Amino acid sequence: MKSFLDEQFLLHNETAIKLYEDYAKDMPIMDYHCHLSPQEIYENKTFGNITEAWLYGDHYKWRLMRANGIEEQYVTGGEGVTDYDRFLAYAKTVPMMIGNPLYAWSHLELQRYFGVYEVLNEKSAPAIWEKVNAKLNSDGFGARDLITKSNVTVVCTTDDPTDSLEYHLKIQEIEGFDTAVLPSFRPDKGLELNRDTFTEWVGKLSQASGTAISNYESFLAGLESRVEFFHSVGGRVSDHALDYVPYGVATREEAAAIFAKALAGQKVSREEEDKYKTVTLTFLGQLYADRGWVMQFHINAARNNNTRMFTKLGPDTGYDAVNDTPLSSAIIGLLDALDQQEALPRTILYSLNPRDNEVLAAIIGSFQGGGIPGKIQLGAAWWFNDTKDGMIAQMKALANVGLLSRFVGMLTDSRSFLSYTRHEYFRRLVCNLIGEWAEQGEAPQDMELLGKIVQGIAYNNAKEYFPFASVLETVSTSKS
């Protein structure tokens, strides 16, 4: 019987072990999509205890604690509840998490960052609390320190177009910190014109861009101004949360009329919303293509499902789920509209519904080309899918109809500075999958070839795919 989380964890054959140890293990990390705070990175935020690092804002853990019957004040905090109380509540939940990736992730974080190899439970919690907190309160455990320890070369945060990006600019001036922290352009609030906050956000865009926005053309000009600003700060990726994929054939004039209606405070129909979003996304896609950016679509999330708790706690608190809206005809329409204008940027498509893996894997094959390996990507298993089974399913779907060898690999999609062990988990699965194929005679025992593929998926493909090279050179020069 194997020991818990031993050196061969998830590696079930000799080829897998060799691929991991000799090729994947020590590769750098490119975290091209996450929700880390640039302010906390700049300030090298320190954590008073493990609860701050683990439970402040981690809705993955919150969901499991609620499922274990933990009362809400111990989940998200409440009057009279200490951080130790919350840690103990999580420790009570951990033994019930077997089979969930958080069980492995939590223990990997304890091992890799704090040298704690005990299994976390209610009995071991007091000693682990003391040992981990002693480490956290020593030198070398701030936010930037943890990024450096994790061998991360690039961090792409998620940023609203109206953001000043002041902390990104400040980070670029820090000597001795070699990780590039770059903004990602997330214009969702400018697309959701039926939300009550739409007109307020347009006002913020007007102020941030210095553009008097009174109609659709000036709105687009404001967006373009902010894209250019993000580009000047090193931004080379966008990100769009598309809970469903909108598509409606419309002219720019029609979109302008719909925008005017929403700006006047009127609600628009679903058909009108789809037309507006299609024209606007196509416009943005052209901007990204012109600048060599990568466009990301995160699709099929059902958000804020519990109205009572959304009212109490707000978004991103663990009350989201997998959506099941159809997407093939709409995503084909969007990609084709851009391709017809020869303005389709490098694009990554993620779906939160694993049912869509094969659909998207097939669709991306219709838009490859232009001399760019893997120009259109099937995005990494994400959120509810970054499980052992979910990651393997995504990779097999891509391998079955496309090129797994050109996959740009894992991202954290996290708000925690300790989440980089997820890359280790992912890399072990990659090595085991390819190792199995080799051991079964489905791939040659050519370690040079297999090792190159593994290192590509671990890091090198992302390094070649994302246009960060000139940015990294500029940042390095400015700090020397």
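**Exercise 1. State how helix 17 and helix 18 pack, and which residues make the contact.**

Solution. Start with the geometry. Helix 17 (residues 328-340) packs against helix 18 (residues 357-364) at an angle of about 25 degrees, and their axes lie 11 Å apart. Helix 17 is therefore roughly parallel to helix 18, a label for angles under 35 degrees. Axes here are lines fitted to C-alpha atoms, for helices over the stretch in contact, and angles run from 0 to 180 degrees between N-to-C directions. Helices (H or I, at least four residues) and strands (E, at least two) are DSSP runs, numbered from the N terminus.

Next, the residues. Helix 17 brings Ser328, Ile331, Ile332 and Leu335, and helix 18 brings Val359, Leu360 and Ile363. Contact means heavy atoms within 4.5 Å. Sort them by class: six are nonpolar, one is polar and none is charged.

The model is predicted: local features need pLDDT of at least 70, side-chain atom pairs count only at pLDDT 80 or more, and totals for chains, interfaces and linings use all residues. Residues are numbered from 1 along each chain as its sequence is written, and side-chain values use heavy atoms, with hydrogens and water left out.

**Exercise 2. Find how many cavities of 30 Å³ or more the whole structure has, and describe their linings.**

Solution. The search finds two. On a 1 Å grid over the protein atoms alone, a cavity is a set of points where a 1.4 Å probe fits but cannot get out; lining residues have an atom within 4 Å of a point. A volume is the space filled by probe spheres set on the points.

Take the largest cavity. It holds about 60 Å³. Its lining has 13 residues, with Ser351, Asn357, Ala381, Asn385 and Gln394 nearest the centre. Strand 9 (346-351), helix 18 and helix 19 (388-401) each supply at least two lining residues.

Now the second largest cavity, of about 50 Å³. Among its lining residues are Met30, His423 and Tyr459. Helix 21 (447-465) gives the most, with four residues.

**Exercise 3. Describe the lining of the largest pocket by position and by class.**

Solution. A pocket is an open set with protein on both sides within 12 Å along at least five of seven lines. The largest pocket has a volume of about 1,000 Å³. It is lined by 32 residues; Arg186, Asp188, Lys189, Arg195 and Asp316 lie nearest its centre. Helix 12 gives the most, with three residues. By class, the lining has seven nonpolar, seven polar and 18 charged residues. Ala, Val, Leu, Ile, Met, Phe, Trp, Tyr, Cys and Pro count as nonpolar, Asp, Glu, Lys and Arg as charged, and the others, Gly among them, as polar.

Note on methods
Angles under 35 degrees count as roughly parallel, over 145 as roughly antiparallel, 65 to 115 as roughly perpendicular and the rest as oblique.
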